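The stops below go from a whole chain down to single residues.

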Amino acid sequence: MSAVPVVADVSYDALLDDPYPIFRRVRDTAPAVFVAAANLTLVTRFDDIMTIERDPATYSSDNPASLVNKVMGPTFMRKDGAEHAVGRKAIEPSFRPGTIKEHWAPKFAEICEGLIDSLIEAGEADLFPALAAPMASLSLMEMIGFKGMPWETLALWSQSLIDGAGNYSRDAEIERKAMEAGAGIDAAIEAVLDHHRAHPNPSILSSMVNADPPMPIEGIRANIKVIIGGGLNEPRDAILTLTLGLLSNPTQKKSVLDKPELWPNAFEEAVRWISPIGMYPRRVTRATDLSGVTLAEGLQIGLCVGAANRDDRRFADPDRFDVFRPRQSHLAFGAGAHFCAGTWVSRQTVGRIVVPMLFERLANLRLRDDAPPLLRGWVFRGPVSLPVRWDA
Amino acid sequence: MPKIMFIAADGTTREVTASADQSLMEVALGAGVPGIVAECNGAAACATCHCYFDPAYAGYAGEIGEHENEMLDFTASERTADSRLSCQVHVVAEMEGMTVRLPSAQ
């Protein structure tokens, strides 16, 4: 067994700009590597992450020092075992495949139609602010059960919570904004909770308040914050990444448009290629051995699914976007008990509604040579700008 | 400790000795049976531990829950009357000699 090696010569900015060459180096160095710029021990190989996610007793999601808990309260995302399962079960009815197909899909299609209606005549747009961000925000708002709120409000809350949860430098302004978002969310819940209690419906707030037993109010507040912090940027980024992958690969785009049954493959490939959540944390509860590397009790580790999804031990030519890749499971939705609750919503919304509608309605949709797309991030990653043109 | 036979889509077989405190998915994963992926590790959220149950043993497999039932509509391989998510089926001693068929894709 050997100690955790250290990589000290990468900058944080390099990670944000393009983490994939760094991921490759870390993956080829050892099963677990301390990356100084991230101030975290990163696990980057596919099989190791699978092993970890099947052993929650050794690798816990529960962390007393977690900033997520400080910013959001006691959420089920940072719990293990029965405590997590109760919360997860309470929200399950809102996320069932049948409910998604029959209840949410028509609503989301309508939102998307409206957004495309409002931009179609312009002939060009940056798809981040013009489509992906409002789409993700409005559909999440609908699913939660919030009413009559501009999409920018939920988007701001989401970003403020994410920034607060990653505020390792304890910046006072970031903390203030996160607390302000939290207060806004508590008030928005308060305003609709009686309605959802009295009129059970498929929304998440209704599922929570009508669960048996009903989720306590502190749990509702904290878990809605997790859902806002973790349910907006992922579909937004997946919409843009799938669009970018197809626009950058015209032959594959043609195949998918000719054979719509390929849309699910294209979606899975997009989130494997550039996973919207690139890393999430776990805590080592007892000294252990991970594929020959010794991990000390109490060590914080980051599971780099963005790296594991490009592990060439599992995926051939992993840096390539290839919708014809043989079907193989990836880690974009995580694994284990915390497997993304929104998986089926995103498959339906992004892969079957939004991106197909975009290509169908915006004729000759194309990238702009004079304004290339811009991608950023490693913990969360996706296009932050995707300028396109079409024939209006 | 019932012996359970897993039959892959290509016909290859694998006999595994199960213990009664496990789910069928855990039995398969523990023995490294190919064909069970189990991305969500038993949360009935991913539909990648789909299997076809021997109808003769259906009485021992327990009821299909509401969530499992809906999830089964989204399996990669065709759902049949014998389909279950193996993570939701608990091993009992009466499963001695049972066969479980695995789909071609998860």
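This is a predicted model: local features need pLDDT of at least 70, side-chain atom pairs count only at pLDDT 80 or more; totals for chains, interfaces and linings use all residues.

Residues are numbered from 1 along each chain as its sequence is written, with chains lettered from A and ligands numbered from 1 in the order in which they are written.

Stay on chain A and color by secondary structure. There are 16 helices and 13 strands. These are DSSP runs numbered from the N terminus: helices are H or I, at least four residues, and strands are E, at least two. The C-alpha trace spans about 60 × 50 × 40 Å along its principal axes. Of the 392 residues, 47% are buried.

Next, select A:D212 and A:P213. A cis peptide bond joins them, with omega about 0°. A:P213 sits in the loop between α10 (204–209) and α11 (217–230). Most peptide bonds are trans, and most residues other than glycine have a negative phi.

Now select A:N39, in the loop between β2 (32–35) and β3 (40–43) of chain A. Its phi is positive, about 55°.

Move to B:N41, in the loop between α1 (24–30) and β3 (50–53) of chain B. Phi is positive here too, near 60°.

Are these two asparagines buried or exposed? A:N39 is exposed, because it has 11 C-beta neighbours inside 10 Å. B:N41 is buried, with 23 other C-beta atoms within 10 Å. The cut-offs, with C-beta atoms placed from the backbone, are 20 or more others within 10 Å for buried, 12 or fewer for exposed, and partly exposed in between.
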